[in-house]
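Student: I would like to learn how to read a model like this one, feature by feature. Where do we begin?

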Amino acid sequence: MKNLIFDLDGTLWDTLPSYYYAFEKFYEVHPEKDYRVNSSIINNFRAITIDEIAPMLFPLDSYDVAFKNTLECLEYTCEYLRKKEIVNESVINTIKELSNSYNLYIVSNCPLEYIDIFFEKTNLKNYFKDVIALGGISQTLGFDKANNISTIVSKYSLDKSNTFFIGDSKHDLQASQNAGVNFVFANTKTDIKKAIEEKIKNQQILDLCDFYKEYLYEDASVALMVNNNQKEYKCLFGFLNLSETLENNIEVFKQLECDATNLGFKNVVGPVNYSSWFDYRLPIDNFDKTLIPDIKGNKKDIDTLKFLGYKPLYTYASTMSKINTRLEALSKKAKLPTNTKDTFICGKEVFDYAPLIFDASKEAFKEGYLYSDVPYYAFNDIYMGWLKKLPFDIDLYMINDSITNKLIAYGICYFDKLNNTYVCKTAAVLSKHQKTQVVMCLVKVVFERARYYNAPSILYHFQNEQKNTLSAFWRGYEIYKKRYALFKKEL
């Protein structure tokens, strides 16, 4: 069972208004104080301790006086939280739902009083197995957040690989890294359950790496990965979430590139989430076109990477084509080679053949750019996972050696009802069969199924433009093309 350790402030509720209230109240009581708090200081409060906050708030006072003043301010924050703070109902419902599948804990640098108030307002206390806070207004504990996370891990004998700390700041990320647990970024504007599920899936990929490190600055995040199984580029960046604020992006990439250099790498390539088995590349045109599935990204993301010194390395194209009568006419003449047999399957039964698809894919794609072997569980859970979530029946066409029954080629397609087009998503042909009638047999079935659904167009997904493909056959029949790229920077 997986374990979730939550930060409180900024993650489960928003305490920032209480700080502004508290400092206004403090200066009403102490008008002789000429120092005034500002938003930049307040925004740094999350995930740091009271003894760190005190000199930031009252730099002109001795530490003892500053600390005493800070405790007084905390009393005013509690006053505000009791009277005015409202916890989002969706957060309350999410915690209740998560408790059915996960062990829940809280580790926060906030005073215990904050947590008591949170529980008073939400009735969630019994959903958490344990809580560690910094202390109270009348006391403080001498442990930082990383140590407190480690205390929970040790006390309950938690498996660190199955433990996730959910927080909203770079301090929380650093604490999770220091404690050796996984990190989930979430704040009061985040769908917490979705963020956790997405990170658990992503963590399966990150755990395949020989080395990885995550970076967070405000709302910008990225991961540095080292995959020694890659033939070309072993140093990768991925799991990319760029900020609207350029400075935030500059900061996370500055940290990533510094670490990549310290690890001895001369360049970094991405976005690649470990290898070409998983999400990689960014769209570089037709940003308004949304395909199923598609890759997130916009022109500003591309402009940001270029500003940071990244240049396109490989390009890919998803091409929407009219029903190509020229290619269709050629494919109609295709005949199965001797000693082969074909099978067509549609619907949920497709997933029963995942092991065969996996084996054929490994052999067919091993010469592909940025290819790296992955375990079957990762392929089935993650790579095939998106197929299972599609609201369409999946078509699987297979060609096997009739003597050995080995799968030598397959095509995975589906009819996209939303866009009224037939989608050719993935095709694989073992290398020694790539110049035979096998390829045209796959093409033949694509046209047959497109005609079956009365689809006026076919979408050929993610064709690598650096390699020879059938793309020459649909030139002149294109409706539009959406292109993608991988980027590289010399360090």
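**Salt bridges**

Tutor: Start with a network of salt bridges that links Glu465, Glu478, Lys481 and Arg483. A salt bridge here is a side-chain nitrogen of Lys or Arg within 4 Å of a carboxyl oxygen of Asp or Glu. Note that this is a predicted model: local features need pLDDT of at least 70, side-chain atom pairs count only at pLDDT 80 or more, and totals for chains, interfaces and linings use all residues. Residues are numbered from 1 along each chain as its sequence is written, and side-chain values use heavy atoms, with hydrogens and water left out.

Student: How many salt bridges does the count come to by this rule?

Tutor: The count comes to 21. Take Glu465 and Arg483, whose side chains meet in a salt bridge at 2.9 Å, N to O. Glu465 lies in the loop between strand E18 (457–464) and strand E19 (478–490), and Arg483 in strand E19, so the pair ties together parts that are 18 residues apart in sequence. Helices (H or I, at least four residues) and strands (E, at least two) are DSSP runs, numbered from the N terminus.

Student: Is Glu465 buried, partly exposed or exposed?

Tutor: Use the cut-offs: buried means under 20% relative accessible area, exposed over 50%, partly exposed in between (1.4 Å probe, protein chains only). Glu465 has a relative accessible area of 32%, so it is partly exposed. Arg483 is partly exposed too, at 26%.

Student: Which side chain meets Lys193 in a salt bridge at 3.7 Å, N to O?

Tutor: That of Glu97. Lys193 lies in helix H9 (residues 192–206) and Glu97 in helix H5 (residues 89–98), so this pair ties together parts that are 96 residues apart in sequence. Lys193 also forms a salt bridge with Glu197, the closest N and O atoms being 2.6 Å apart. Lys193 and Glu197 are 4 residues apart in helix H9, so about one helical turn separates them. Relative accessibility is 23% for Lys193, which counts as partly exposed. Glu97 is partly exposed at 41%, and Glu197 is partly exposed at 40%.

Student: Now the strands. How many of the residues of strand E6 are buried?

Tutor: In E6 (residues 163–167), 5 of the 5 residues are buried, so the rest of the structure largely encloses this strand. Thr163, Phe165 and Gly167 point one way, Phe164 and Ile166 the other.

Student: Which strands pair with E6?

Tutor: Two strands pair if DSSP finds at least two bridges between them. Strand E1 (residues 3–6) pairs with E6 in the parallel sense over 4 bridges. Strand E7 (residues 182–185) runs parallel to E6, joined by 4 bridges.

Student: What do E6, helix H8 and E7 make?

Tutor: With H8 (residues 170–179), they make a right-handed β-α-β unit. A crossover is right-handed if, with the strands pointing away from the viewer, the path from the first strand over the helix to the second runs clockwise.

Student: How do I read a nonpolar core?

Tutor: In soluble globular proteins, nonpolar side chains tend to be buried together. A core is a set of buried Ala, Val, Leu, Ile, Met, Phe, Trp, Tyr and Cys residues joined through side-chain atoms within 4.5 Å. The largest one here has 81 residues, and Phe278, Phe379 and Tyr410 have the most contacts inside it. Helix H16 (residues 437–452) gives the most to this core, with 10 residues. Apart from it lies another core, of 53 residues, among them Leu12, Ile117, Leu134 and Val184.

Student: What does Phe278 touch?

Tutor: Contact means heavy atoms within 4.5 Å. Leaving out residues up to four places away in sequence, Phe278 touches Ile205, Leu208, Asn273, Val374, Ala378, Ile382 and Tyr383.
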